[in-house]
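Here is a note for a colleague who has not looked at this model before. Please read the points below with the structure open.

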Amino acid sequence: MRALVVMAKAPIPGRVKTRLQPAVSPEMAAQLYAAFLDDVLLRAKRWARRKSAEPILAWAGPGEAPASASAFRVVDQGEGDLGARMERARLAAGVPHVVIVGSDAPTMLEHRVDEAFAALDRGRVVFGPTEDGGYDVLGFPSPAPWVLEDIPWSTPQVMETTRDRGRQAGAQWEELTLGWDVDEPKDLERLARDPRLVWAPRTEAVIRAWLETR
């Protein structure tokens, strides 16, 4: 039994994609994030269907989840740091094999999710490292406290600290090829040039509008 979880929060100006400012306004940052989320959810729904996994949205309000999440079971992220919230989402999934993705990579390659589930079938925790030192994919074949506890979230040290924790725990894990997500203004420029942007039509429309107003 499998689940594919998308971690997301309400697209409120001043609370999402704050590192894109001042290149974009808080309102534009929220609009971009809402577009990322819609595109990620639409793609994740297809990925979950292909992998016979339940699609789950781990939601941090306030407010209702977006309409694009209509095919998802919505669970509350609750309180605590990112590690605590991801663990809560893993438990809420209620199945042995859980892959978690974020909502900051609207053009993520589908094979990252395929490879993550394949790693779980081999009994390994799996990460999709990103260029900024974090990761965009996390997969659990079973509980793994070393993955989520005492990690310096939202820093460039996330993945390296996690590796250190894994070595200390004597754990084994797999890593996907290096990916990237959208956090900094330079990432927006890169996203605008990404040929895979056509896979994310809502994001593409917002990016094009942003380019026209600069």
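1. Valine 126 lies opposite glutamate 174 of strand E7, and its bridge partner in strand E6 is glycine 139. The model is predicted, so to speak of local features pLDDT must be at least 70, and side-chain atom pairs count only at pLDDT 80 or more, while totals for chains, interfaces and linings use all residues. Residues are numbered from 1 along each chain as its sequence is written, and side-chain values use heavy atoms, with hydrogens and water left out.

2. Strand E5 covers residues 125-129, and E7 covers residues 173-175. Helices (H or I, at least four residues) and strands (E, at least two) are DSSP runs, numbered from the N terminus. E5 pairs with E7 in the parallel sense over three bridges; two strands pair if DSSP finds at least two bridges between them. With E6 (residues 135-140), E5 pairs in the antiparallel sense over four bridges. E5 and E6 make a hairpin with five residues between them, and glycine 133 in the turn has a positive phi of about 95°.

3. Is E5 buried or exposed? Five of its five residues are buried, so E5 is largely enclosed by the rest of the structure. Buried means under 20% relative accessible area, exposed over 50%, and partly exposed in between (1.4 Å probe, protein chains only). Val125, Phe127 and Pro129 are buried on one side of E5, and Val126 and Gly128 on the other.

4. E6 is also to be checked for burial. Six of the six residues of E6 are buried, so this strand is largely enclosed by the rest of the structure. E6 pairs with E4 in the antiparallel sense over four bridges, and valine 101 stands opposite valine 137 in E6.

5. Next, the nonpolar cores. A nonpolar core is a set of buried Ala, Val, Leu, Ile, Met, Phe, Trp, Tyr and Cys residues joined through side-chain atoms within 4.5 Å. The largest has 30 residues, of which Leu4, Val6, Leu57, Val99 and Val101 touch the most other members. Two or more residues come from each of strand E1 (2-9), helix H1 (26-50), strand E2 (54-60), strand E4 (97-101) and helix H3 (110-121). H1 gives the most, with eight residues.

6. Which residues does valine 6 touch? Leaving out residues up to four places away in sequence, its contacts include Leu37, Val40, Leu41, Ala44, Ile56, Leu57, Phe72 and Val101. Contact means heavy atoms within 4.5 Å. There is also a second, separate core of 26 residues, with Val75, Tyr135, Ile151 and Val158 among them.

7. The largest pocket has a volume of about 1,100 Å³. On a 1 Å grid over the protein atoms alone, a pocket is an open set of points where a 1.4 Å probe fits, with protein on both sides within 12 Å along at least five of seven lines; lining residues have an atom within 4 Å of a point. Grid points are joined across faces, edges and corners, and the volume is the space filled by probe spheres set on the points. Of the 38 lining residues, Lys9, Leu82, Asp104, Ser154 and Asp183 are the closest to the centre.

8. Two or more lining residues come from each of E1, helix H2 (82-93), E4 and E6, and E6 gives the largest share, four residues. The lining divides into 19 nonpolar, nine polar and ten charged residues. Here Ala, Val, Leu, Ile, Met, Phe, Trp, Tyr, Cys and Pro count as nonpolar, Asp, Glu, Lys and Arg as charged, and the others, Gly among them, as polar.

9. Two serines have a positive phi. Serine 154, in the loop between helix H4 (145-148) and helix H5 (158-169), has phi near 65° and is exposed, with a relative accessible area of 69%. Serine 52, in the loop between H1 and E2, has phi near 55° and counts as exposed at 64% relative accessibility.

10. Finally, cis peptide bonds. One joins glutamine 21 and proline 22, with omega about 5°; proline 22 is in the loop between E1 and H1. Another runs from glycine 61 to proline 62, with omega near 15°; proline 62 lies in the loop between E2 and strand E3 (73-76).
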